[in-house]
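Please look over the model below before reading the points.

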Amino acid sequence: MTATAFGEALSNSLSLSSILILTALGLAITFGVMRVINMAHGEMLMLGAYTAHVVTAEKYLGLNLYWAIPISFLVVAFVGYLMEVCLIRFLYGRPLDTLLATWGVGLILQQVINLTFGANLVPMHLPEELQGHWEIGSLNLPRYRVFIVGVTALCLLAIYLWFYWTSFGLKIRAVVQNRPMASALGISTRTVDSMTFAFATGLAGVAGCIMGHLYNVQYTMGGDYVVEAFMVVILGGMGQLSGSVAGGVVIGTGNGFASKLLGNEVMAKVVILAMVVGFLLIRPSGLFVTKERAYD
Amino acid sequence: MTNPQSLSPTVTAVVSVKTEVPPRPAASPHWGRVLVLFFLLALFVPPFLFGGNEYRLNQITRYAALALFALSVDVIWGYTGLLSLGQGLYFGLGAYAVGYSLILQQAAVAEDLPFVYSPDMARPDYMVQCRLPEVPIWIGQLINIWVALGVAVIVPTLIAALFGYVVFRRGIKGVYFSLITQAVLMAVFTLVSNQRPYTGGVDGLTNLADLRLFGFEFQGSYYLYFLVTGILVLCFLACAALMASKFGRILTAIRDSENRVLALGYNTAMYKTFAFALSAGMAGLAGGLFVAANSSAGPQFFSIADSIEVVIFVAVGGRGTLVGAILGAVLVNVARTYANEHWREIWPILLGGLFVVVVAFMPDGIVGLFRRLAARLTGGRAAREASA
């Protein structure tokens, strides 16, 4: 492997990892912290991408990407809020049932979008300053990929601040650690649940908005990402966000280098997925283990 | 107070409750059995409703194969409590085994060659297009339909046994099990779609020969339906016997509280592995039979959506009841066919709504509703047992 190829693989890995982290962050919260298997997470990405389309397309609002990111967050967070209030809250403590029910929600969302916008691919345009490359030596760095890494870092920072520096974050951690006790101390666990879920799905909206500018936007796009995102969360280890970041980096880097070595992106995906499953069979708790005393 | 005497009355009370109440048989077992018998006999009726309509006959034959698939999911999910989202892997393996057999037969018929493996045997069209010089030996051997059917059952069983052994020994269960099986399925789906020279790629195996066993043509008549339904009923009876036995009781006990079963000294990992392997074998057989009726096999069998859909068949009918699995598979598929013929666009929304409603509000499915109704009609004892 030459130095240039290595550099390319490295920069690819970096952006792949950021995308994986971005798509998995919402799941890391709903799945890792709230123990809800949101199979509609992929559809939340899709909704984010379509929101971005509505915001940026001349036909509708005609604004640019910088508007699309916060608007996608708000729109998808609202959808997530509705989902939590209308469905998920009846299913806490039954993770397998949340899996099936949210899959159903995903099917409905897909078809509603399909009927509204049609099955065709929606092309999206980047703002001019994000098009093109930066050249560093013999290495081409696409600007948008660098932008993605930046957005991911910002999202991570926002989550960190929200979790550890705000009183609401404190409440979330309290509810996660000991729900009855938190409730007894006057924390409205209902509000915490629904707001956390909404925030997590909102992150998926941001991810969708970012990915809509990178890949094809299609009403079925969600399914392609959700399984991998779950693998990121499981690989990292449940219950902590840093684990998911590590999981994303491992899988993203693996994909970046494997596709360079094999010369085939699809086969690289298969190989990496197989390796992740193999790793989980040997070490089911993932990379980072949170010590738990739970019996079952 | 640590006086042991103050504790003893409660202890003896608990013990006496446990010994004085033997496990009762289910409410009015005779009626239940008669109903199930009628249900199984009713499965053989539909072909007569459609006369010689070959299209409909093929359709209901596929339903019967899917019902067998649903039965396999019920064994692992409904009874053992393990939601495998990768059942499509076993269904797909069975489907491709039989699919390879039939496509090779078709190619051999076209060149007037016998149905035996040889290095220069006739290649199916897609292999010719992909410039594969000869049929790989592991595919070529499948031209014998009996080998293919054997492979369709044995290979999934072995894979599931091995995979299950590792997974369950490592204590992977619940959500992790579901997501890992799903990830495996996705890897296989990607692989199969990508390896066109061997698998036919996204198009899969098309233009298959008709199924012939003992030199007897099954296609295009009642016979294939009766063959598939006969196998379905046999599997149903075998599962019913298994679930009524001590082994089946242990499986349901694992579903309800694995730690207690472990504490009683059972090796739950081995029980789960057996149930998983059994269900995989049934899924493989279902896949093989499905392909015989469908006349094509494609990578969508390995898709995540299809594997989850089978779970909803079982949930609609009633998880943990064998009748429910078959009933759910038939009803959902009839609804799908009807919807596709009348308002095609609406079907995914209906299916999604079905997932939500059944899971959130009807966890026992149709059989559960029926039981509750029966309990209300007969009242008293039956109602207590149905709610227990």
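1. Basis. This is a predicted model, in which local features need pLDDT of at least 70 and side-chain atom pairs count only at pLDDT 80 or more, while totals for chains, interfaces and linings use all residues. Residues are numbered from 1 along each chain as its sequence is written, and chains are lettered from A and ligands numbered from 1 in the order in which they are written.

2. Chain contact. Chain A puts 35 residues into the contact and chain B puts in 37; two residues are in contact if their C-beta atoms, placed from the backbone, lie within 7 Å. On the side of chain A that touches chain B, the elements giving two or more residues are helices H4 (95-117), H9 (222-236) and H11 (265-282) of chain A. Helices (H or I, at least four residues) and strands (E, at least two) are DSSP runs, numbered from the N terminus. H4(A) has the largest share of that side, 14 residues. By class, this side of chain A has 28 nonpolar, 4 polar and 3 charged residues. Here Ala, Val, Leu, Ile, Met, Phe, Trp, Tyr, Cys and Pro count as nonpolar, Asp, Glu, Lys and Arg as charged, and the others, Gly among them, as polar.

3. Core. The largest nonpolar core has 200 residues. Such a core is a set of buried Ala, Val, Leu, Ile, Met, Phe, Trp, Tyr and Cys residues joined through C-beta atoms within 7 Å; buried means 20 or more other C-beta atoms within 10 Å of the residue's own, exposed 12 or fewer, and partly exposed in between, with C-beta atoms placed from the backbone. Helix H4 (residues 54-79) of chain B gives the most to this core, 16 residues. Ala67(B) is among the residues with the most contacts inside the core. Beyond its neighbours within four places in sequence, Ala67(B) is in contact with Leu232(B), Ala325(B), Ile326(B), Ala329(B) and Val330(B).

4. Strands S1 (residues 133-136) and S2 (residues 139-142) of chain A pair in the antiparallel sense over 4 bridges; pairing requires at least two DSSP bridges between the strands. Glu135(A) has Asn140(A) as its bridge partner in S2(A). The hairpin has 2 residues between its strands, and Gly137(A) in the turn has a positive phi of about 60°.

5. Loop residues. Most residues other than glycine have a negative phi. Arg35(A) has a positive phi, near 60°, and lies in the loop between helix H1 (3-33) and helix H2 (41-56) of chain A. Arg35(A) counts as partly exposed because it has 17 C-beta neighbours inside 10 Å. Phi of Arg131(B) is also positive, near 60°. Arg131(B) counts as exposed because it has 8 C-beta neighbours inside 10 Å.
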